[in-house]
Amino acid sequence: MGKEVNIVVGSDHLGEDFPNILQGLFPEANFIKAFDEKDQLNQISNAKVFFGFPSEKLIQCGSNLQWIACPGTGIDKIIKNSKYLDPKITITNAPLAHVTPMAEHVVGTMVGLAHSFKQLFQDQVHKKWDVEQWNSKIVELRGSNVCIYGYGKLGQSIAKKLKAFEMNIFAIDPITSIKTGSEKSVSPPKELNQILKISNWLIIAAPLIKETENFIKKSNLELMPKGSYVVIISRGGIINEEDLYETLHSGHLAGAGIDATKIEPLPESSPLWNIENAIISQHASALSPQMYEGRRKIFIENVRRFLDNKELLHICNLNKGY
């Protein structure tokens, strides 16, 4: 392939200068920076590759597209706009680079919830010293049970780290039954309620696909022992957020760590903002320099393969959703 290969870089996710870096690495192709939809629509008809999250209109106009490269891991945004997508178009993503920072974020969130860091930080701001308020209020992670919903590489990395805290890991996954040695069991989704009955923690690490969307509701959460916690790390929309709020507001759940929500940004009107023992981050858990560099390397390698007519890495199945 030569200069007739137009590659539209439609996202600044990996840096505004990334198209220039790519152009230097692959002078035989033409990299086009188009970070807004107007520019993308002007360029897409002659493009063979699109890097980013194309809108439905963009896909409809991309008559020459051969490959859509998702900058991150989840392809749910692409699936949402895939009405006009030619099944011959290859979809790839950039997995694994996010695993370490997200798994570490889960551990930090759990420790923060168990030790009421949010309240401690507020006390620090107000120069408040009140030891008595913490009597028997600190929760130990050791010996407690954790349900990890979604046991791909992210879930497995979380399990490995929590095993070091001497926690009991019970994984739920619709596809894999792989055991890494960190977990007590790996079970199918039909056994979720049975696992939740003994789980002090529920961690959402699954992709958002039709099988997982709105899968966990109030009836499931209320099976967890009173005083349990939920951490959402992969995608919002898997737990019904109204039900999550109700089980937090009622006091049945003691707290939650929320890094991903169904609607992003989380609307100011969402009652989740008002939950006292909730740690809400802005879907930012993965955003380490190492993650960005890992995703750059994946796209660079795939561009090299595309130009050499070789099979791409990390090809997704649109029907499966990952």
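1. Contact here means heavy atoms within 4.5 Å. Among contacts in the protein between residues at least 6 apart in sequence, those joining residues at least 24 apart make up 64%.

2. The model is predicted: local features need pLDDT of at least 70, side-chain atom pairs count only at pLDDT 80 or more, and totals for chains, interfaces and linings use all residues. Residues are numbered from 1 along each chain as its sequence is written, and side-chain values use heavy atoms, with hydrogens and water left out.

3. The protein contains 11 helices and 12 strands; these are DSSP runs (helices H or I, at least four residues; strands E, at least two), numbered from the N terminus. Its radius of gyration, taken over C-alpha atoms, is 22 Å, close to the 20 Å that the globule rule gives for 322 residues, so the protein is as compact as a globular protein of that length. The rule is 2.2 Å times the number of residues to the power 0.38.

4. Of the 322 residues, 50% count as buried, that is, under 20% relative accessible area (1.4 Å probe, protein chains only).

5. Strand β6 (residues 145-149) is mostly covered, with five of its five residues buried. In a regular strand the side chains alternate between the two faces of the sheet. In β6, Asn145, Cys147 and Tyr149 lie on one side and Val146 and Ile148 on the other, and all are buried.

6. Strand β7 (residues 168-172) pairs with β6 in the parallel sense over five bridges; pairing requires that DSSP finds at least two bridges between two strands. Cysteine 147 stands opposite phenylalanine 170 in β7.
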